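Thanks for coming. I have one structure to go through, and I will begin with single residues before turning to the whole chain.

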Amino acid sequence: MIIVKPKFTMPCDENFTVLEDGAVAFDERIQAVGEAEELRKRYEGAQFFEYPDAVLAPAFINPHVHLEFSANKTSLVYGDFLEWLSSVIASRGALSQAANKDVIASAIKTMQRSGVASFGAVSSFGGDLDACANCGGRVVFFNEILGTNEAALEQNLANFTARFDASLERKSPLFTPAVSVHSPYSTHPDLAAAALNLARERGLVVSTHFMESEYEKSWLEGGTGGFKEWLGKFNPAARPLYTPSSFVAMFAGVRTLFTHCVWVDDFSGFDRELHSLTHCAVSNRLLSKRTLNLRTALDAGVSINIGTDGLSSNISLNFLDELRANLLIHADFDPLELAKILLLSSTKNAANALNLDAGEIKTGKLADLALYGGFADADAAQLPLMLILHAKGCERLFVGGAEVNSND
């Protein structure tokens with residue numbers, strides 16, 4: 001049993017309560033939140049730590065990251081989605097080979113140093129499996145399926161099944177196999193149906209990319225635009241396999257994270273209980289002509305969570321950097337109001353999206369916690385904004401009550 005008494009405790013509840021000089025007792029799960037001396041009497045023998053300048057918060061959850069591209073720095077082209085996609089195809093072999101276990105493990109440590117206890121790894125090839133399974137963090141491992149060539153459907157499904165089975169062998173309390181349907185422009189309906197049937201049978205979480213670019217919107221809505229020419233290089237008879245609404249409808253009854261959604265006009269097809277939107281602000285800024293209209297999505301009642309995407313379309317996997325970028329990009333929000341939205345999106349909302357019993361400092365929740373120092377003189381009312389602006393990393397990170405050493 002551990003008891004931590006920080007200067008501030010930020011439970012990340014719906015009211016965004018900030019507690020001063022309270023304490024949290026936990027083992028694998030949070031046992032109590034209250035007055036420090038009362039908790040010490042209740043849990044005799046517990047390790048006690050006091051941090052007069054620190055904030056204790058639920059650890060961040062990064063629900064969308066492509067670790068297999070962690071070797072990228074300057075290999076890819078930004079500014080236009082199709083130019084970027086072409087550069088990914090040209091460089092993916094070399095980047096995949098360069099992203100060995102050490103490179104991927106280092107990328108994970110970067111996330112953990114910024115306070116990320118849980119992440120959703122979108123895996124195209126399975127090269128990140130060992131690093132994810134051994135990282136000490138909580139991982140939802142999205143095995144990705146894609147391919148539109150009808151002659152190769154059986155082989156693509158067999159490859160996906162083999163990778164999924166390999167991830168299933170690593171299943172543990174900290175590692176959960178899941179499914180990713182890549183996108184509506186890249187995944188044949190037969191492959192998508194097979195993956196979604198698997199998800200329904202096993203109760204798996206699903207991730208998908210959706211409406212990331214204006215090209216995708218034009219393609220799905222009318223079979224026109226840049227994707228017509230781009231896909232024609234691979235298949236002269238290429239045609240849209242879905243409309244936007246028919247693609248979303250496939251995910252009925254399945255807990256799904258729809259990633260990007262920058263060009264979505266109508267969120268009415270989303271299931272408010274099971275579907276969420278993963279917003280990757282830096283990635284969208286680099287690859288699209290616009291970023292997500294966050295206000296419109298929130299007004300539509302869509303649950304938002306925050307992802308970094310991978311280093312194929314970001315310069316940092318430090319989650320605090322992503323939150324700071326969001327503060328600057330969404331300039332129509334009051335900064336403090338936005339800070340609260342971002343922190344809830346990165347904890348409570350993300351936990352719900354990934355079906356994790358975490359994301360809040362609340363009795364009974366998993367003890368996935370992060371401690372940030374340097375806030376002795378902070379104003380409690382400004383704390384959500386101050387944390388995003390000034391924290392560079394966490395001092396201690398707990399996953400299921402066990403400390404993760406992110407400095408190895």
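Let me start with Lys41, which lies in helix α1, residues 36-42. Helices here are DSSP runs of H or I with at least four residues, strands are runs of E with at least two, and both are numbered from the N terminus. Lys41 counts as exposed because its relative accessibility is 66%. On that scale, buried means under 20% relative accessible area, exposed means over 50%, and partly exposed is in between, with a 1.4 Å probe and protein chains only. From the C-alpha atom of Lys41 to that of Asn355 is 34 Å, and the two residues are 314 apart along the chain.

Before I go on, a note on where this comes from. The model is predicted, so local features need pLDDT of at least 70 and side-chain atom pairs count only at pLDDT 80 or more, while totals for chains, interfaces and linings use all residues. Residues are numbered from 1 along each chain as its sequence is written, and side-chain values use heavy atoms, with hydrogens and water left out.

Next is Ala105, in helix α3, residues 101-113. Ala105 has a relative accessible area of 33%, so it is partly exposed. Its C-alpha atom is separated by 7.7 Å from that of Cys132, 27 residues apart along the chain.

Now Leu204. Which loop holds Leu204? It is the one between α6 (189-202) and β10 (206-210). Leu204 counts as buried because its relative accessibility is 12%. Apart from neighbours within four places in sequence, the residues in contact with Leu204 include Phe164, Pro177, Val179 and Val254; contact means heavy atoms within 4.5 Å. Ala25 is 179 residues from Leu204 along the chain, and their C-alpha atoms are separated by 31 Å.

Two residues have a positive phi although neither is a glycine. For Cys261 the angle is about 55°, and for Asp309 it is about 60°. Cys261 is found in the loop between β11 (256-260) and β12 (275-279). Asp309 sits in the loop between β13 and α12. Are they buried or exposed? Cys261 is buried, with a relative accessible area of 0%, and Asp309 is buried as well, at 4%.

On to two helices. Helix α13, residues 335-345, is mostly covered, with 8 of its 11 residues buried. Among them are Leu336, Leu338, Ala339 and Ile341. What do the buried residues of α13 pack against? The list is β6 (60-65), α11 (294-299), β13 (303-306), α12 (319-329), α14 (348-354) and α15 (383-390).

That brings in α15. Its buried residues are Leu383, Pro384, Leu385, Leu387 and Ile388. The elements that cover them include β1 (2-9), β5 (47-58), α12, α13 and β14 (369-372).

Now the whole chain. How many helices and strands does the protein chain have? There are 15 helices and 16 strands. The chain is divided into domain 1 (2-58 + 360-404) and domain 2 (60-354), with bounds that come from an automatic or database domain assignment. The contact between them takes 28 residues from domain 1 and 27 residues from domain 2. Taken over C-alpha atoms, the centres of domain 1 and domain 2 are separated by 31 Å.

As for overall size, the C-alpha atoms fill a box of roughly 70 × 45 × 40 Å along the principal axes.

Of the 408 residues, 56% count as buried. Among contacts between residues at least 6 apart in sequence, 72% join residues at least 24 apart. The chain exposes about 16,300 Å², and carbon and sulfur atoms supply 49% of that; the areas come from the Shrake-Rupley method with a 1.4 Å probe, and for residues only the protein chains shown count as cover.

That is what I have for today.
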